[in-house]
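Work through the exercises below with the sequence and the structure in view. Each task is followed by its solution in steps.

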Amino acid sequence: MSHDFDATCLSLLLNDLRLPAIRQIWPGFAERSDTEGWPAARLLMALAEHEIAERDRRRIERHLREARLLPGKTLENFDFDAVPMVSRAHVSALCAGDGRLRNGANLILMGPPGGGKSHLSSAIGLSLLEKGWKVLFARTTDLVQRLQVARRELALESAINRLDRFDLLILDDFAYASKDQAETSVLFELISARYERRSVLLTANQPFGEWTKVFPDPAMTVAAVDRLVHHSTIFELNVESYRGRTALQRKQQGPGRPASFATPNNVGVPPRAEEQQ
Ligand code: ADP
Ligand code: MG
């Protein structure tokens, strides 16, 4: 049948043109267009829109695989009531992807363990990724190890350059483990390379004043902090551990409460005085 022949030929042409979404959906669209009498331009538009939407979806999927974000951590399931010092509106504005974080502006999340820094940073990464940003989430120690290997292979510069393709680099637990001179210096190279060009989001358990204890080279630490803090937004999540609080709340509610008790609407609400006894 000539229709079959045309279909096969069209399929090949669409393949050559790298239009896989149109190749897949055109028969259904063409049939609808015939029965509903669409003008040709409308059919063409519908096909083109479909291809673009599919391309965006595939791109986001690819970026998500690369980003290594924490699974299941989103802004929707982050309980902002638990961190009154961080406003949802401010975070949403930063995540609007409208340039506030572009051109090397940084974001720093500080606070004690369990306060939600990793969750919030990954969620911010996801939100920006959905707006087309390329993001990489890394534990600082892992990335430092990789960069040190690269340096031993005399490839530090190209390793740092490869990280340039990420609009946002999330360095989780930046000031967690103490670092030796070699580790500090690769971090310094990375921060200097991104300064005022590419953004960094870092989380840290230690306030800036303590960083000199974590990094052995005080001059380099001061220079790194200086670059990070310049053009940065700092959120201090000075709250108790979220897990600790929710566990305490469950205990106070007595045994046998369903696990669903720990919903974002309930958690983070400070226990009432009578519940604390
Ligand atoms: P940090 O990185 O500050 O040590 P995490 O982000 O790892 O803390 O948080 C510990 C756990 O508590 C994670 O499972 C996280 O999803 C949860 N959590 C912390 N804060 C919140 C919050 N405000 N809303 C929802 N979950 C939270
Ligand atoms: Mg963390």
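A salt bridge here is a side-chain nitrogen of Lys or Arg within 4 Å of a carboxyl oxygen of Asp or Glu. The model is predicted, and the structure holds 11 salt bridges.

**Exercise 1.** Find how far apart the closest N and O atoms of Arg-57 and Glu-54 are, and decide whether the pair is a salt bridge.

Step 1. The closest N and O atoms of Arg-57 and Glu-54 are 2.9 Å apart.
Step 2. The cut-off is 4 Å, and Arg-57 forms a salt bridge with Glu-54.
Step 3. Both residues lie in helix H3 (residues 40–67), three residues apart, about one turn of the helix.
Step 4. Arg-57 has a relative accessible area of 41% and is therefore partly exposed; Glu-54, at 21%, is also partly exposed.

**Exercise 2.** Name the residues that are linked with Glu-54 in a network of salt bridges.

Step 1. Arg-58 forms a salt bridge with Glu-54, with 4.0 Å between the closest N and O atoms.
Step 2. Arg-58 and Glu-54 are four residues apart in helix H3, so about one helical turn separates them.
Step 3. The network links Glu-54, Arg-57, Arg-58 and Glu-61.

**Exercise 3.** Describe the lining of the second largest pocket by residue class and by element.

Step 1. The second largest pocket holds about 230 Å³ of space.
Step 2. Its lining divides into seven nonpolar, no polar and five charged residues; among them are Leu-143, Arg-146 and Phe-166.
Step 3. Helix H6 (140–152) and helix H7 (156–162) are the elements that give two or more residues to this lining.
Step 4. The largest share, four residues, comes from H6.

Key: Residues are numbered from 1 along each chain as its sequence is written. Chains are lettered from A and ligands numbered from 1 in the order in which they are written. This is a predicted model: local features need pLDDT of at least 70, side-chain atom pairs count only at pLDDT 80 or more; totals for chains, interfaces and linings use all residues. Side-chain values use heavy atoms; hydrogens and water are left out. On a 1 Å grid over the protein atoms alone, a cavity is a set of points where a 1.4 Å probe fits but cannot get out, and a pocket is an open set with protein on both sides within 12 Å along at least five of seven lines; lining residues have an atom within 4 Å of a point. Grid points are joined across faces, edges and corners, and a volume is the space filled by probe spheres set on the points. Ala, Val, Leu, Ile, Met, Phe, Trp, Tyr, Cys and Pro count as nonpolar, Asp, Glu, Lys and Arg as charged, and the others, Gly among them, as polar. Buried means under 20% relative accessible area, exposed over 50%, partly exposed in between (1.4 Å probe, protein chains only).
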